[in-house]
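Here are some notes to read beside the sequence and the structure. Please go through the points in order.

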Amino acid sequence: MTAEQQKQISDLYFEMFDKLMIYARSSLENDALAEEAVQETFRIACQHPDKLCESPNPQGWLVLTLKNTIRNIMSNRASAERLIEKYLITQIKEISFSENKISLEVMYENLAHTEEFKLIKEMAVDGRSHLQMAQSRGITVSACKKRVQRAKEILQKELKK
Amino acid sequence: MYEKRSQKSEDLKKYDSMSSEELEQILRLDVDTPDSAQSDTELTLYIMDLLADRRRTSNHNESPAQRAYQSFMLNYLPDEDDTLPKPKNEKKPAAHSGHWLRNVFAAAAVLAVVFFGTINAGAFRSDFWDTIIRWTEDTFILTKNGQNAYNEPSSTICLPFSSLQEALATNDQDSYMVPTWIPSGYSLNEIKVDNTPLQNIFIAYYEKGDKTFIISVRSYLKSYPSLIEKSDDYFEVYESNGIAFYIFSNDTQYHAAWITDAYECVISGDLELDEIKKMIDSINWE
């Protein structure tokens, strides 16, 4: 990035952050995820400063990039949730039915001790952002993303067994 | 090109009179609009600007952009060699201070238990996953002071209600499903309310010396699967008035959870098992 591009991106950050948060928050369930989407958008902007800075409508470029980022977040969470559901089904130990009322109790084997399960669950079920998960583990956001990807691959391998 | 509001066209003026929820719905729909379809960036930017102005007017707190910018440079900047100008009026990030609610939830690792709940109206959800009930720490932590690392609601407020029932009634919610008896010595500390287009959450905080517990009620307009965590120590399905209440322990604390057609309710904190059951039995269901 040139110094001029750095300044332009920085100015756009402060100009657009609140508005982009509003846009992201309209679709994502909490402020942490919305902020993650906005931060990812600016990360992409920093990776492609020419595209942003030479755009005739930099603000519109940011909105479109944010839209795609939101879709990716939602898609990743949905696929992780499906993975969790499939994994849980394979771990059922016992199901008991009560005669007089419609209720089911499902007991599972030890699940939460596995780091992979915890990681995917935090993302898919708890709605935590990568930053939150990274901070609780004392790792970087980038390392956390890699761990999430690895965790998905491990759970998928478990399912194939 | 993006137009400032001072140059707004007549077409865009009609959005000025829309409610914030309607405008947010338009933004939500824009995310779902396929790229090939016509997506009006100018309109999107106009609505974002409009909502931002409204929030600045109603909320005099400092924009989080300053803090977020520092976080961006620390956590997200892609290349270590790259940098952005330092923020103006750079401040040290606020220290993360704890909230007493954190003492209510133990941080111990737990076994996950997923189960189905009985719906008191007798309606049976035939879909397997529709009736899984899920709670995590996220569902209950709803403070607004930045201590919550999970779901931070956009509009949590604390109001001086004298009881949880009063808070529910004032917000046009039912109150038949909450306990009418509270263990001796506990007093109501505060009630936090969070209302969004999709759900309403009420949390009543009770204190007795250094002991605390909460009763939370969440109404939801669309159902979604839930997951409850528990430890290995205790789990019981306690029936009262024909309704199943799920009582379990998590480290040193007991929790009770139940659902109705439109509400999820939880008792959680420093309570004895018999106190929880007595609270459950005090629910009127009228």
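1. Chain A has seven helices and two strands. Helices (H or I, at least four residues) and strands (E, at least two) are DSSP runs, numbered from the N terminus. The order of elements in chain A, starting at the N terminus, is α-α-α-α-β-β-α-α-α.

2. This is a predicted model: local features need pLDDT of at least 70, side-chain atom pairs count only at pLDDT 80 or more, and totals for chains, interfaces and linings use all residues. Residues are numbered from 1 along each chain as its sequence is written, chains are lettered from A and ligands numbered from 1 in the order in which they are written, and side-chain values use heavy atoms, with hydrogens and water left out.

3. Of the 161 residues in chain A, 55% are buried. Buried means under 20% relative accessible area, exposed over 50%, partly exposed in between (1.4 Å probe, protein chains only).

4. Helix H3 of chain B covers residues 41-58, which is 18 residues. From first C-alpha to last it reaches 26 Å, close to the 26 Å expected at 1.5 Å a residue; the expected span is 1.5 Å times one less than the number of residues.

5. Buried residues of H3(B) include B:Leu43, B:Tyr46 and B:Leu50. Their cover includes helices H1 (3-25) and H4 (58-90) of chain A, and helices H1 (10-13) and H2 (20-32) of chain B.

6. B:Gln70 lies in helix H4 (residues 65-75) of chain B. Why does B:Gln70 count as buried? Because its relative accessibility is 17%.

Methods. Contact means heavy atoms within 4.5 Å.
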